[in-house]
Amino acid sequence: MGTYPTTIIQQALQTARAQRKRPPKLGPYKLAGSTQRATERELSALVRDLVADLEARVLALIPEESPTTRTDAESSPLDLRPLLKSRTDLYVRRISPQAERMLTAAEREQLAAEKRVVSPLGIDVIGSEPWLQKKLQERSREFTSLITEMARDTELRIGRLALESLQTGRSRTWLRKQIGEVAGIGERRAKLIGRDQVGKLQGALHEARQKDLGVESYVWRTSRDERVAGNPSGFYPDPDSSSDTHGDHHEREGRRFLWKKSGGKLIEVLEGGKTRETDFADGNPGEPIQCRCFAEPVLEGLEDLQNLDRPAPVAKHVKYR
C-alpha cells in the first residue's frame with residue numbers, strides 16, 4: 001500500500017502520475033521587485049513635498065539679505081513649533097493609507113511569484129489564509145511608525161536650522177542649502193524604510209504560503225551583485241557571519257535551509273537529507289535589514305526538475321570593484 005499524500009504538492013504529484021501526465025516545467029521563484037522601486041519613488045516624493053512645504057514656511061520668516069542677529073523672544077523655538085508641526089501633521093495623516101496600499105501591492109507581487117512556481121502542478125496557491133490580514137496589519141503599523149518618525153525628525157531638523165538662521169543672522173541662501181541636505185537625508189532614510197519593509201513582508205508571506213503548501217525547505221538565492229554582503233569583490237566584503245541583523249549572505253548562495261529554525265538560527269540541509277544547525281542568526285531571506293535575497297522553494301519529489309544546483313542569475317548592471 002502506498003503512502004497517503006500529506007501535502008498539497010504530494011497530492012498534485014500523485015494525481016499527475018495517475019493521469020500519466022508529463023512532468024511539469026517548473027520555473028524559479030523570483031520576485032519582480034517593482035513594488036520596492038515604486039515604494040521608494042512614492043516615499044521620496046512624500047519627503048520632497050514635506051520639505052518643500054516646511055521650507056516655504058520658514059523662508060517666509062527670513063529676510064532675503066542677511067538679517068542682524070536676534071536674541072529676543074521672537075527667536076524662541078516656540079514660535080516655530082506650531083507652524084511646522086501643523087504642516088507635518090497633514091503628511092503624517094497621509095502615511096497610513098499609503099503604507100497599507102504599498103504593502104497590499106507587495107503582497108500581490110509576492111502572490112504572483114508564488115503562483116508561478118506551483119501553477120504548473122495545477123495547484124491553486126491561495127487558501128483561506130486567515131493569518132494574512134494580521135501580517136499585513138502588523139507590517140503596516142511598523143511601516144507607518146517608521147515613516148512618521150522620519151517625517152517628525154525632518155520637521156525637527158528644519159525647525160532647528162530656521163531658528164539658527166534667525167538667531168545668528170544667516171541668510172536664506174544658507175538656509176536653503178542646509179534644508180537641501182536635510183531633504184537628502186530624509187529621502188535616503190525613506191527609501192531604506194520602503195525597501196526594508198516591503199522585503200520583510202514578502203519574505204514573511206513567502207514563508208507562510210510555502211508552509212501552507214507543505215514545503216519544508218528552500219535554496220538561498222542572492223542578487224549576485226556588488227551589494228551582496230560577503231561578496232569579496234563587492235562593497236561589503238567582510239560581514240559577520242553570525243550577525244543577528246545582516247550576516248554574510250554571499251556564502252549562503254545555493255545552499256539549502258529549512259524554514260524552521262533552532263534557537264533563532266538557520267538549519268542547513270546537507271546531502272542525503274541530514275541537517276545541521278548553523279551560526280546564521282539574522283533570519284530567512286527577506287528578514288535581515290536591507291536583505292534583497294529570496295528563498296527558492298524546494299518541491300519534494302521534483303528537485304531534479306527544478307534544477308536547484310544551478311547558480312542564481314547575476315543581477316543587471318553588476319559593478320565589481
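Strands S2 (residues 256–262) and S3 (residues 265–269) run antiparallel and are joined by three bridges. Strands here are DSSP runs of E with at least two residues, helices are runs of H or I with at least four, and both are numbered from the N terminus. This is a predicted model, in which local features need pLDDT of at least 70 and side-chain atom pairs count only at pLDDT 80 or more, while totals for chains, interfaces and linings use all residues. Residues are numbered from 1 along each chain as its sequence is written, and side-chain values use heavy atoms, with hydrogens and water left out.

S2 and S3 belong to an open sheet of five strands, ordered S4-S3-S2-S1-S5, with antiparallel pairing; two strands pair if DSSP finds at least two bridges between them. At the edges sit S4 (275–277) and S5 (294–297), each of which pairs on one side only. On average, neighbouring strands of the sheet are turned by 45° against each other, direction ignored. Helix H5 packs on this sheet and touches S2 and S5, its direction making about 95° with that of S2. Contact means heavy atoms within 4.5 Å.

H5 (residues 172–213) also meets helix H4 (residues 132–168): their axes come within 10 Å and cross at roughly 170°. Axes are lines fitted to C-alpha atoms, for helices over the stretch in contact, and angles run from 0 to 180 degrees between N-to-C directions. H4 and H5 are therefore roughly antiparallel to each other, a label given to angles over 145 degrees, with under 35 called roughly parallel, 65 to 115 roughly perpendicular and the rest oblique. The residues of the H4 contact with H5 split into 20 nonpolar, six polar and 10 charged. Nonpolar covers Ala, Val, Leu, Ile, Met, Phe, Trp, Tyr, Cys and Pro, charged covers Asp, Glu, Lys and Arg, and the others, Gly among them, are polar.

Back at the sheet, Thr222 lies in the loop between S1 (217–221) and S2. At 3% relative accessibility, Thr222 is buried (buried is under 20% relative accessible area, exposed over 50%, partly exposed in between; 1.4 Å probe, protein chains only). Thr222 and Glu251 are 29 residues apart in sequence, and their C-alpha atoms are 9.6 Å apart.

As for cysteines, the disulfide count is zero, a disulfide being a pair of cysteine sulfur atoms within 2.5 Å. Cys291 is in no disulfide, and its nearest cysteine sulfur, that of Cys293, is 3.9 Å away. Cys291 is buried at 7% relative accessible area, and Cys293 is buried at 12%.
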